[in-house]
Amino acid sequence: MASAEQALFEALRAERRRLADTHGVPAYVIFHDATLMQMAAARPQTLAELAQINGVGAAKLERYGAEFLAVIDGMTA
């Protein structure tokens with residue numbers, strides 16, 4: 001994993017932890033590490049692109065999609 005990709009993965013993990021703490025659920029309920037790794041590699045820019053990542057279903061897309069896209073956008077800007 002390239003350093004920029006690793007940095008994005010860590011930022012996505014931090015966002016997942018924040019959301020998990022907010023909702024009182026384990027982090028894996030938000031997204032698994034494999035899903036975050038795919039996000040870091042693909043760097044989706046839209047909800048439609050995010051929906052193509054394995055592990056991102058309609059409910060999670062609606063519930064968490066904007067937050068994760070904001071992290072990706074912040075790391076690529």
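**Helix packing and a few telling residues**

Gly55 is partly exposed, with 45% of relative accessible area. In this predicted model, Gly55 sits in the loop that runs between α4 and α5. Setting aside residues up to four places away in sequence, Gly55 touches Phe31, Thr35 and Lys60. Along the chain, Gly55 and Ala40 are 15 residues apart, and their C-alpha atoms are separated by 14 Å.

One of those partners, Thr35, belongs to helix α3. Is Thr35 buried or exposed? Thr35 counts as buried because its relative accessibility is 6%, and the cut-off for buried is under 20%. Once neighbours within four places in sequence are left aside, Thr35 is in contact with Ile53, Asn54, Gly55 and Val56.

Next comes the way the helices pack. Two packed helices are described by the angle between their axes and the distance between the axes. For α1 and α3, the axes come within 9 Å and cross at roughly 135 degrees. That angle makes α1 oblique to α3, and the crossing of the pair is right-handed. On the α1 side, the contact is made by Glu5, Leu8, Phe9, Leu12, Arg13 and Arg16, while α3 brings in Asp33, Leu36, Met37, Met39, Ala40 and Ala41. Sorted by type, the residues of this contact of α1 with α3 come out as eight nonpolar, no polar and four charged.

Helix α1 also packs against α5. How do the axes of α1 and α5 cross, and within what distance do they come? The axes of α1 and α5 come within 10 Å and cross at roughly 150 degrees. The two helices are therefore roughly antiparallel to each other, since the cut-off for that label is an angle over 145 degrees. Here too, α1 passes α5 in a right-handed crossing. From α1, the residues Ala7, Leu8, Ala11, Leu12, Glu15, Arg16, Arg18, Leu19 and His23 meet Tyr64, Glu67, Phe68, Val71, Ile72 and Met75 of α5. The tally for the contact of α1 with α5 is 10 nonpolar, one polar and four charged.

Arg16 counts as buried because its relative accessibility is 7%. Not counting residues up to four places away in sequence, Arg16 touches Ala27, Ile30, Phe31, His32, Asp33, Leu36 and Phe68. Ala11 is also found in helix α1, but Ala11 is partly exposed, at a relative accessible area of 21%. With neighbours within four places in sequence left aside, the contacts of Ala11 are Val71 and Met75. Ala11 and Gln38 are 27 residues apart along the chain, with 13 Å between their C-alpha atoms.

Helix α5 itself deserves a look. It covers residues 58-76 and bends by about 60 degrees at Tyr64. Which residues of α5 are buried? The buried ones are Leu61, Tyr64, Gly65, Phe68, Leu69, Val71 and Ile72, so Tyr64, where the helix bends, is listed among them under the cut-off of under 20% relative accessible area. The cover over these buried residues includes α1 (3-23), α2 (27-30), α3 (33-42) and α4 (47-50).

Asp73 also has its place in helix α5. Asp73 is partly exposed, with a relative accessible area of 42%. In sequence, Asp73 and Arg43 are 30 residues apart, yet in space they are 8.3 Å apart, C-alpha to C-alpha.

Arg43 counts as partly exposed because its relative accessibility is 23%. What stands out about the backbone here? Most residues other than glycine have a negative phi. The phi of Arg43, however, is near 50 degrees, a positive value in a residue other than glycine.

Note on methods. Residues are numbered from 1 along each chain as its sequence is written. This is a predicted model: local features need pLDDT of at least 70, side-chain atom pairs count only at pLDDT 80 or more; totals for chains, interfaces and linings use all residues. Side-chain values use heavy atoms; hydrogens and water are left out. The bend at a residue is the angle between axes fitted to the seven residues ending there and the seven starting there. Helices (H or I, at least four residues) and strands (E, at least two) are DSSP runs, numbered from the N terminus. Buried means under 20% relative accessible area, exposed over 50%, partly exposed in between (1.4 Å probe, protein chains only). Contact means heavy atoms within 4.5 Å. Axes are lines fitted to C-alpha atoms, for helices over the stretch in contact, and angles run from 0 to 180 degrees between N-to-C directions. Angles under 35 degrees count as roughly parallel, over 145 as roughly antiparallel, 65 to 115 as roughly perpendicular and the rest as oblique. A crossing is left-handed if the near helix is turned anticlockwise from the far one by less than a right angle, and right-handed if clockwise. Ala, Val, Leu, Ile, Met, Phe, Trp, Tyr, Cys and Pro count as nonpolar, Asp, Glu, Lys and Arg as charged, and the others, Gly among them, as polar.
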